[in-house]
Amino acid sequence: MTTPSDPLPADLAAAHAMILAQREQLALAKSEVTVGRLEIERLKLMLAKARREQFGQSSERGKLLVEQLELAIEDLEETQAEQETKAELAAPGAAKEKRAQNPRPPRRPLPDNLPVERVVEPAPCACGKCGSQRLHKLGEVVSKTLECEPRRWKIIEHVREKFSCRDCEAITEAPAPSHPIPRGFAGPNLLAMVLVNKFLLHQPLNRQSKTYAREGIEIDVSTLADRVGACVVALAPIIEAIRIHVMSAERIHADDTTVPVLAKLKTVTGRIWTYVRDDRPFGGTDPPAALFYYSRNRAGEHPQSHLAGYVGLMQADAFDGSNQLYKAQRKPAPILEAACWSHGRRKFFDLAKSGEAPIASEAVRRIDILFEIERTINAKTPEQRLAARRDQSRPIVADLEIWMRQQRTLLSSGNDTAKAINYLLNRWAAFTRFLDDGRICLSNNAAERALRGVAVGRRNWTFAGSDAGGNRAAAVYTLIETCLCRVRHRAVYAARRTMPSRVVFPRFVADRRLVGSA
């Protein structure tokens, strides 16, 4: 690299080389300015996305904005890579020198569970310096490349040989292999792929049919639909086992979301309900699972039916239809309600973000202290969590109640801050139950996470075709979300022993295990 104080070359060849080197440095500098500007814009968008996800309203408009930010970030990252590649092609020497001076952070290691194909390059026949052919091997340099082969379709022939008995002439043959569904030519991996594409990757069957056709496999939409319906029947015993597992939990999370349903050439608003078992926050070893139901409306009779035999703790939002579950006269026994502090905080935060609601801002500050304490005791035993809450959280909650009741007397009944205060005080027993039970979480986020797939999926498939379609969707969501929970459960705890904390684990989408791991 030359500087203004360096002497100028005395001959034409050296001057020519200097000009070429400076051109490379100039091209690299221009590229670095462009990449730097793009990086600033990318970081701004990531900050806006993080703020929207943490503080934004949970409305469709807010979700659309987050998705738009994600697309903008993705586009900027692609543009950055394009500019860096152009600079490397235009000035390879200067780019190599720059990389040596400012090395990038180490890349995430390639997965160690993949098969390895070893390709040995032809060895040199002579020394590159003196030309001698007397060479002996010192070792080898290995560079790894992650590669993916296109999806490969195949036909499996199950051959059953027939034999006749020489004594009695009876014919004997091997029993026919079992198939996941009757009358089906599709193997279990193909069936799993169709279900995963439809309910996890949100690809309607008509799009799947076109994709398979482009790969040379013609499968009608009606045939795919027939396979989906038959799979739900075949999977019914597994789904029932998941239901028993979830309903035997000491504590469950409950929530619901809307799903448009086609009815007489128009759509009505149905509901998808979820009940999640997740014992990991209080150190439980039982695997997490999620159970889904569908209904045409949001009447209270549906959760009462779903939880008819359940007795235990339920963490849920304030839904009037669930009130019957908490009454003392309920048989076999009342369910204990644990309210969600995230929902209580959100009402204050929506008021505080305007900057003109000091009472709401102070409420957010006080509630945030509770969440900070919870982060320090997550995954500990119920006894450890309870001891920490009694020492640290209980005084804060007691002060919060006194302070809110004082502030409530200063506000009119129609004031929005008063309504947010009433939301907590009217359910104070449910909000403070976590102080006496180490199994209870501070929020209902486990159920909300389980419903994210439904919220994303309904944008692609628009609506369920019927009530039967809604019930099928609930059944398959039960299987898929439970498998995802269990795989995340194993991956996270295994990685804690071997991986740095900053590793981000990808979503598991292995088709075969989605059918087999439940």
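Mentor: Start with α9 and α12. Their axes come within 10 Å and cross at roughly 170°. An angle over 145° counts as roughly antiparallel, so α9 is roughly antiparallel to α12. This is a predicted model, so read every value as computed from it.

Which residues meet here? From α9 come Trp-341, His-343, Gly-344, Lys-347, Phe-348 and Leu-351. From α12 come Asp-416, Thr-417, Ala-420, Ile-421, Tyr-423 and Leu-424. By class, the contact of α9 with α12 divides into 7 nonpolar, 3 polar and 2 charged residues.

Now take α12 by itself. The buried residues are Thr-417, Ala-418, Ala-420, Ile-421, Tyr-423, Leu-424 and Leu-425. What do the buried residues of α12 pack against? Their partners are α9 (341-352), α10, α11 and α13 (428-431).

Two of those partners, α10 and α11, also pack on each other. Helix α10 spans residues 358-377 and helix α11 spans residues 382-408; their axes come within 10 Å and cross at roughly 170°. That angle makes α10 roughly antiparallel to α11. On the α10 side, the contact is made by Ile-359, Glu-362, Ala-363, Arg-366, Ile-367, Ile-369, Leu-370, Ile-373, Glu-374 and Ile-377. On the α11 side, the residues are Arg-385, Ala-388, Arg-389, Gln-392, Ser-393, Ile-396, Val-397, Asp-399, Leu-400, Trp-403 and Gln-407. The class count for α10 with α11 is 12 nonpolar, 3 polar and 6 charged. An α-helix has 3.6 residues a turn, so residues three or four places apart point the same way. Check the α10 list against that: Ile-359, Glu-362, Arg-366, Ile-369 and Ile-373 are among its contact residues.

The loop between α10 and α11 holds Ala-379. Ala-379 has a positive phi of about 75° although it is not a glycine. Its relative accessible area is 34%, so Ala-379 is partly exposed.

Next, the cores. The largest nonpolar core has 59 residues. Phe-199, Ile-252, Ile-272, Tyr-275, Phe-292, Leu-307 and Met-314 have the most contacts inside it. Helix α16 (residues 467-498) gives the largest share of this core, 9 residues. A second, separate core has 36 residues and includes Val-364, Ile-367, Ile-373 and Ala-430. Ile-367 and Ile-373 tie back to the helix pair, as both belong to the α10 side of its contact with α11.

Beyond four places in sequence, Tyr-275 touches Val-246, Met-247, Ile-252, His-253, Ala-254, Ala-289, Ala-290, Leu-291, Tyr-293, Pro-303, His-306 and Leu-307. Ile-252 and Leu-307 are also among the residues with the most contacts in the largest core.

Some loop residues are worth checking too. Asp-279 sits between β4 (266-277) and β5 (289-295). With a relative accessible area of 6%, Asp-279 is buried. Leaving aside neighbours within four places in sequence, Asp-279 contacts Arg-251, Gly-284 and Asp-286. His-202 lies in the loop between α4 (188-200) and α5 (205-214). His-202 is not a glycine, yet it has a positive phi of about 60°. Its relative accessible area is 10%, so His-202 is buried. The loop between β6 (313-315) and β7 (336-338) contains Pro-332. A cis peptide bond joins Lys-331 to Pro-332, with omega about 5°.

For contrast, look at Ile-171 in strand β2 (residues 171-173). Ile-171 is exposed, with a relative accessible area of 64%. Leaving aside neighbours within four places in sequence, its contacts are Lys-162, Phe-163 and Ser-164.

Finish with confidence. The protein averages a pLDDT of 81, and 75% of the residues score at least 70. Residues 58-62 fall below 50, and this stretch has 5 contacts beyond near neighbours in sequence. Over residues 491-518 the pLDDT stays under 50, and the model has 36 contacts there beyond four places in sequence.

Methods. Residues are numbered from 1 along each chain as its sequence is written. This is a predicted model: local features need pLDDT of at least 70, side-chain atom pairs count only at pLDDT 80 or more; totals for chains, interfaces and linings use all residues. Side-chain values use heavy atoms; hydrogens and water are left out. Axes are lines fitted to C-alpha atoms, for helices over the stretch in contact, and angles run from 0 to 180 degrees between N-to-C directions. Helices (H or I, at least four residues) and strands (E, at least two) are DSSP runs, numbered from the N terminus. Angles under 35 degrees count as roughly parallel, over 145 as roughly antiparallel, 65 to 115 as roughly perpendicular and the rest as oblique. Contact means heavy atoms within 4.5 Å. Ala, Val, Leu, Ile, Met, Phe, Trp, Tyr, Cys and Pro count as nonpolar, Asp, Glu, Lys and Arg as charged, and the others, Gly among them, as polar. Buried means under 20% relative accessible area, exposed over 50%, partly exposed in between (1.4 Å probe, protein chains only). A nonpolar core is a set of buried Ala, Val, Leu, Ile, Met, Phe, Trp, Tyr and Cys residues joined through side-chain atoms within 4.5 Å. pLDDT is the predictor's confidence in each residue, from 0 to 100.
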